[in-house]
Amino acid sequence: MTATIERGAATASVTPPDHAPKRKKPGGFLGSSNGKKVVMAVTGAVMVLFLVGHMLGNLKIFFGRESFNDYAHALRTLLEPLAPYRTLLTLVEIALVASVVLHMWAAISLSRRAGKARPVKYVAKKSQAGGYTTHIMRWGGVTIVLFVIWHLLDLTFGVVNPKGFDAAPADRMIAGFDASRWWVTLIYIVAVVMVGLHLRHGIWSAFQTLGWAGHGRYRLLRVSAALVSAVLVIGFLAPPLAITFGVVK
């Protein structure tokens, strides 16, 4: 007996796997690694601009109490009478908080994605530089967040400040870094140094993400990242150290 095969069934066309519809990754551009890196770069730039402005404001303490108090008052009265009291400062604070949250979200998402992509650790010895950078960015970020909370309770809300909330901004600042509270100055130094290290790596990473770190500009941009970080660290440390050692009274 001869077996028969239906021609239609045997010769039916099969769709190649390559032509199967591809599923789009959820989240679109922001869900991709590049999108998250761009979010980190943009939010990082917002925070750097805030730090520059904040540093310049802090340096006004060297021009006297009235100069510093006038600066603090101006921050709250800008746009008046077109807008209510503290409008611009509130908008800046909202933008800053949003930038911090988005920056942390992108960083955590990228870290988790990297962990899933490489579930098995390499046997080879890790790079000391890479491990150093990882610890600085991870623990530095935690240190900065904790310090910002203390800093707000101390100099903004006056909760832990010897002068309290009702005192003038300059009085709160000088009392906050008084020599008797040397430990506060020490915490401030550690936190600001961590900010500088975090900032140096973050600025360089932003240059890379935005495609600016070409071979011809590599050294220049590395130096620029280190220089910006150093200027901010020195600028932020100058007022509290001057107050602690009695240069500013």
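Predicted model: local features only at pLDDT ≥ 70, side-chain atom pairs only at ≥ 80, totals over all residues.
**Reading contacts, burial and salt bridges in a helical model**

Reader: How many helices and strands does the protein chain have?

Author: Helices (H or I, at least four residues) and strands (E, at least two) are DSSP runs, numbered from the N terminus. The protein chain has 9 helices and 0 strands, and from the N terminus on its elements read α-α-α-α-α-α-α-α-α. I144, where we started, sits in helix α6. For contacts between residues at least 6 apart in sequence, 65% join residues at least 24 apart.

Reader: Is I144 buried or exposed?

Author: Buried means under 20% relative accessible area, exposed over 50%, and partly exposed in between (1.4 Å probe, protein chains only). I144 counts as buried because its relative accessibility is 19%. S229, in helix α9 (residues 218–244), is at 5% and counts as buried too. Leaving out residues up to four places away in sequence, S229 touches G196, L199, R200 and I203. Over the chain as a whole, 29% of the 249 residues count as buried.

Reader: And how should I read the largest nonpolar core: which members touch the most others?

Author: The general idea first: in soluble globular proteins, nonpolar side chains tend to be buried together. A nonpolar core is a set of buried Ala, Val, Leu, Ile, Met, Phe, Trp, Tyr and Cys residues joined through side-chain atoms within 4.5 Å. In this model the largest one has 29 residues, and I61, F177, Y188 and F236 touch the most other members. Two or more residues of this core come from each of α3 (33–58), α4 (65–77), α6, α7 (169–176), α8 (182–209) and α9. Take I61: apart from neighbours within four places in sequence, I61 is in contact with F68, A170, M173, I174, P239 and V248.

Reader: What about the outside: which residues form the nonpolar patch on the surface?

Author: Patches are made of residues with over 30% relative accessible area and no salt bridge, joining like charges within 9 Å and nonpolar side chains (Val, Leu, Ile, Met, Phe, Trp, Tyr) within 5 Å. Here V100, M104, I108, V142, V145, L146, V148, I149, L152, L153, F157 and V159 make up the nonpolar patch, with about 970 Å² of accessible area together. Accessible areas come from the Shrake-Rupley method with a 1.4 Å probe; for residues, only the protein chains shown count as cover. Both α5 (87–117) and α6 (128–156) supply at least two of the patch residues, and α6 gives the largest share, 7 residues. M104 is in helix α5 and counts as partly exposed at 40% relative accessibility. The protein chain's accessible surface comes to about 17100 Å², 68% of it belonging to carbon and sulfur atoms.

Reader: Last topic, then: how many salt bridges are there?

Author: A salt bridge is a side-chain nitrogen of Lys or Arg within 4 Å of a carboxyl oxygen of Asp or Glu, and that rule gives 3 salt bridges. D171 pairs with R65, their closest N and O atoms being 2.2 Å apart. D171 lies in helix α7 and R65 in helix α4, so this pair ties together parts that are 106 residues apart in sequence. Both are partly exposed: D171 at 26% relative accessible area, R65 at 35%.

Reader: And where do R181 and D154 lie?

Author: R181 forms a salt bridge with D154, with the closest N and O atoms 3.4 Å apart. R181 is in the loop between α7 and α8 and D154 in helix α6, so the pair ties together parts that are 27 residues apart in sequence. R181 is buried at 11% relative accessible area, and D154 is buried at 2%.

Definitions and conventions. Residues numbered from 1 in each chain as written. Heavy atoms only, no water. Contact = heavy atoms within 4.5 Å.
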